[in-house]
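Me: Could you walk me through this structure, one feature at a time? I would like to learn how to read each one.

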Amino acid sequence: MPQQPHPAPELTSLRSTRVTAARRLSRRAQRGKERRFVAEGPQAVREAVAYGTLPGGEHAVVEIYTTAEAAERHADLLADARAARVPVLTATDEVIEAVCQTVTPQGIAAVCRFVDTSFEQVLAAGPRLVAVLAHVRDPGNAGTVLRTADAAGADAVVLTDASVDLYNPKAVRASVGSLYHLPVAVGVPVEQAVAGLRAAGVRILAADGAGERDLDQELDDGTLGGPTAWVFGNEAWGLPEPTRALADEVVRVPIHGHAESLNLATAAAVCLYASARAQRAPAGCRSQGLVR
């Protein structure tokens with residue numbers, strides 16, 4: 001049976017209103033003004049569709065752009081989107097390339113609404129494990145720490161006002177959909193973040209190579225079983241002294257070999273998983289039934 005030809009794409013011009021609007025979202029100011037961003041690739045789009053509606057009743061996804069080939073590969077995803085009444089528009093490769101920031105797009109992208117939550121809502125939920133990105137400037141690192149926090153079962157992530165934009169395209173890609181899995185508060189001054197979490201009964205640990213205590217000591221002393229917030233700093237120079245001074249303890253990841261240091265994302269993974277393990281132990285603060 002001869003193969004049926006693909007239908008003509010609906011979006012062909014880089015100057016169309018839709019495409020022009022989507023391309024403007026590459027700028028942080030425009031993202032903030034419209035509270036919209038572009039999610040690239042099938043995994044990010046799938047998670048955005050699965051997220052569903054926002055508190056105001058609008059769906060998290062405004063519309064999806066896909067090439068005909070990608071539409072065939074991800075027919076189930078697009079069926080879910082249409083079932084949720086999300087517009088799906090076919091586009092040329094050139095349009096997808098213009099909308100996306102990657103060198104080699106995967107043929108599908110979505111314009112999405114912001115999904116961050118307020119810091120007050122994070123506190124109201126009684127968090128027991130939180131990652132605070134205090135001075136993280138690299139979007140790839142921010143997205144990777146978000147993904148790691150999700151994998152470790154953290155209850156929330158907080159990006160301070162000194163950190164990168166959560167909706168930077170590189171951060172969204174690096175989160176690989178974890179942006180939609182746990183509450184994320186943005187633009188919180190670090191002093192406010194620490195004070196609010198401490199008032200909620202959360203112990204504040206600053207992760208820094210200059211820490212007087214190391215992670216092994218924390219584990220040996222059994223101090224990681226309670227509610228904990230890890231504060232992570234800049235990729236190059238760590239945490240400034242005023243931020244370290246806000247913490248209950250400054251903790252370093254021990255280097256048992258000859259490596260000079262660990263990068264931010266790796267150190268965050270070690271710290272978050274150490275807390276996750278301690279909290280899920282019989283003497284920890286989480287029920288063993290929560291292990292997934």
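Reply: Gladly, and let us start with contacts, where contact means heavy atoms within 4.5 Å. Leaving aside neighbours within four places in sequence, Phe37 is in contact with Leu25, Arg31, Ala110, Val111, Cys112, Arg113, Phe114, Tyr167, Val172, Leu179 and Tyr180. This is a predicted model, where local features need pLDDT of at least 70 and side-chain atom pairs count only at pLDDT 80 or more, while totals for chains, interfaces and linings use all residues. Residues are numbered from 1 along each chain as its sequence is written, and side-chain values use heavy atoms, with hydrogens and water left out.

Me: Which residues have the most contacts inside the largest nonpolar core?

Reply: In soluble globular proteins, nonpolar side chains tend to be buried together. A nonpolar core is a set of buried Ala, Val, Leu, Ile, Met, Phe, Trp, Tyr and Cys residues joined through side-chain atoms within 4.5 Å; buried means under 20% relative accessible area, exposed over 50%, and partly exposed in between (1.4 Å probe, protein chains only). Here the largest core has 57 residues, and Phe37, Ile64, Val157, Trp230 and Phe232 have the most contacts inside it. Helix H13 gives the most to this core, with 8 residues. Another core, of 21 residues, lies apart from it, and includes Phe119, Val158, Val202 and Ala247.

Me: How do I read pockets, and which residues are closest to the centre of the largest pocket?

Reply: Rolling a probe the size of a water molecule over the atoms shows where empty space is left. On a 1 Å grid over the protein atoms alone, a pocket is an open set of points where a 1.4 Å probe fits, with protein on both sides within 12 Å along at least five of seven lines; lining residues have an atom within 4 Å of a point. The largest pocket holds about 410 Å³ of space. Its lining has 21 residues, with Ala207, Asp208, Gly209, Leu262 and Ala267 closest to the centre. Strand S11 (249-252) and helix H13 (264-280) are the elements that give two or more residues to that lining; helices (H or I, at least four residues) and strands (E, at least two) are DSSP runs, numbered from the N terminus.

Me: Is Gly153 buried or exposed?

Reply: Gly153 counts as buried because its relative accessibility is 9%. Gly153 is found in the loop between helix H8 (139-151) and strand S6 (156-160). From Gly153 to Val164 is 11 residues in sequence and 23 Å in space, C-alpha to C-alpha.

How values were computed
Points joined across faces, edges and corners; volume = space filled by probe spheres on them.
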